[in-house]
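Please have the sequence and the coordinates at hand while reading.

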Amino acid sequence: LHMGKTMKEDLTVIVKYIKQLYPPEFSVFSTYAELYHNYFASQAKKNAESHLEDKDIYLLLSWVHNIYPKDMRKDHILAEELEKVKLGSLLPSGLIKELEKKYLDSEEATIKNSLSKCLDKEIQRWKEDKEPEKLNGHFQSELLGIFVIQSIYSGQKRAEDISAAVGEELSHRLSKELPAFLKSYKDAFEDFKEKSKKHRYYKPILIANINNCWNFRDYTEKNMAEKDGDKANILSILSDIENSGFDVLLQPLFAQLKPIYKKFTENKWDSSNEIMNEIIKTTSKHIADFRTLKDPFYRAIVEKIHARLVKDYIVRLLKRKVSLKTPAQQQNLAQNISKNAADLEAFCTSNGSQATWLNSALPKLAEIIRLQDLGAIKIEVATLATTYPDIRKRHLEAFLYIKASLSRSELKSILGYLADSTASTLPGALLFSNINVS
């Protein structure tokens, strides 16, 4: 710093006051500049070849790439004169590469060690009998969700401040580090999930860990190129953590709903409105706990619930427990299904579900039950198959068991129409593919 300041001040004096006192052929400025540069470069080389701490390597590289060529040689008073002198770099290129490698190795190891310690601390906190912190009403882990990203971002920023090439190299190295860290994080999370079910704050810790994924996801989306294979890997690991957490959070709800759904067929759909109210009431109690998820994850879990509620309703319709012969009986069941569908849609939408693709499934099935004209039924089946291209003959055949008024030939005709209408349909929203027909 002293040498740099002295060189800059002295050369400024030479430009302003001394240069004009000599004839041009003396090249006074060039002489001074070369002597100062040679001394400065020899001292820099001497330092570079000695044992340096990490911060000294960083400072020396900053001088070589930034301070000397930009702050000094581009100074508005000196730039024009220095351009004529062509002084070269403070250090030989081989020595610069050597210092850059030392810096990158050290920075990579430091960040890797920092991430490892951070995960160890986080695991320790899971074991403590404490509720996670809340930010804006959402459970979170400030240590993991924020510190890890800051460590990586700060490391990249420091490297970029040396030079774009050094920044790019460190980013490339750290792009391998983040997936490795997240893999360790995922393993630790799975371990906690399996072994700590009796933990007092088990559910809040699960939610905090799902919320942690948002910072990693946001950082990855904004800072990594689409074609980067590590980006896909990172997002895949994050999805695994999120879905794994969702599955555990939803298990108690789905277990509680199972016997309620069985009542539909046990009661021959006679009290379906009361049963749907019970389903909604039960689900509502559980959804309240999920409000501590960050908004994107809250929406995701509500949409999972929405899909499951619709799917389980369809499962009961395919159980071959009810067979109705008269149009009046079929009309009555269709009305019940339509009412249940409307209540279900209103409930899920009011709780934040944006899975509008699910909303037409039950009304379309109700319409197939209501219709008596064979041609009209076929059109409705075709519309259903277009909206839900994963529906198969086995699903439709089980469903049409309800319409006992159909003859064998009519049933065969409808099923054949489904095969024709789905032959060229591309996969879309998947609803029926997860439904097994017994």
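The model is predicted, and its domain assignment divides the protein chain into domain 1 (1–91), domain 2 (103–242) and domain 3 (268–417). Taken over C-alpha atoms, the centres of domain 1 and domain 3 are separated by 79 Å.

Two packed helices are described by the angle between their axes and the distance between the axes. The table gives these values for two pairs.

| Helix pair | Angle between axes | Distance between axes |
|---|---|---|
| Helix 7 (residues 164–195) and helix 8 (residues 202–223) | about 165 degrees | 12 Å |
| Helix 10 (residues 272–289) and helix 12 (residues 327–350) | about 15 degrees | 10 Å |

With an angle of about 165 degrees, helix 7 is roughly antiparallel to helix 8, because angles over 145 degrees fall in that class. The crossing of helix 7 and helix 8 is left-handed. On the side of helix 7, the contact is made by Leu 178, Phe 181, Leu 182, Tyr 185, Phe 189, Phe 192 and Lys 193, while helix 8 contributes Tyr 202, Ile 205, Leu 206, Asn 209, Asn 212, Phe 216, Tyr 219 and Thr 220. Sorted by class, the residues in the contact of helix 7 with helix 8 are 11 nonpolar, three polar and one charged.

For the other pair, packed at about 15 degrees, helix 10 is roughly parallel to helix 12, because angles under 35 degrees count as such. Helix 10 passes helix 12 in a right-handed crossing. The residues of helix 10 that make the contact are Ser 272, Asn 273, Met 276, Ile 280, Thr 283, Ser 284 and Ile 287, and those of helix 12 are Asn 336, Lys 339, Asn 340, Asp 343, Leu 344 and Phe 347. By class, the contact of helix 10 with helix 12 has five nonpolar, six polar and two charged residues.

Two single residues complete the account. His 395, which is found in helix 15 (residues 393–400), counts as buried because its relative accessibility is 0%. Leaving aside residues up to four places away in sequence, His 395 touches Leu 318, Asp 390, Phe 432, Ile 435 and Val 437.

Lys 325 lies in the loop between helix 11 (295–317) and helix 12, and at 64% relative accessibility Lys 325 counts as exposed. Although Lys 325 and Lys 403 are 78 residues apart in sequence, their C-alpha atoms are 6.5 Å apart in space. With residues up to four places away in sequence not counted, Lys 325 touches Gln 330, Ala 404 and Ser 405.

Note on methods. Residues numbered from 1 in each chain as written. Predicted model: local features only at pLDDT ≥ 70, side-chain atom pairs only at ≥ 80, totals over all residues. Heavy atoms only, no water. Domains from an automatic or database assignment. Axes fitted to C-alpha atoms, helices over the stretch in contact; angles between N-to-C directions. Helix = DSSP H or I, 4+ residues; strand = E, 2+ residues; numbered from the N terminus. Parallel < 35°, antiparallel > 145°, perpendicular 65-115°, else oblique. Left-handed = near helix turned anticlockwise from the far one by under 90°. Contact = heavy atoms within 4.5 Å. Nonpolar A, V, L, I, M, F, W, Y, C, P; charged D, E, K, R; others polar. Buried < 20%, exposed > 50% of the residue type's maximum accessible area, 1.4 Å probe, protein only.
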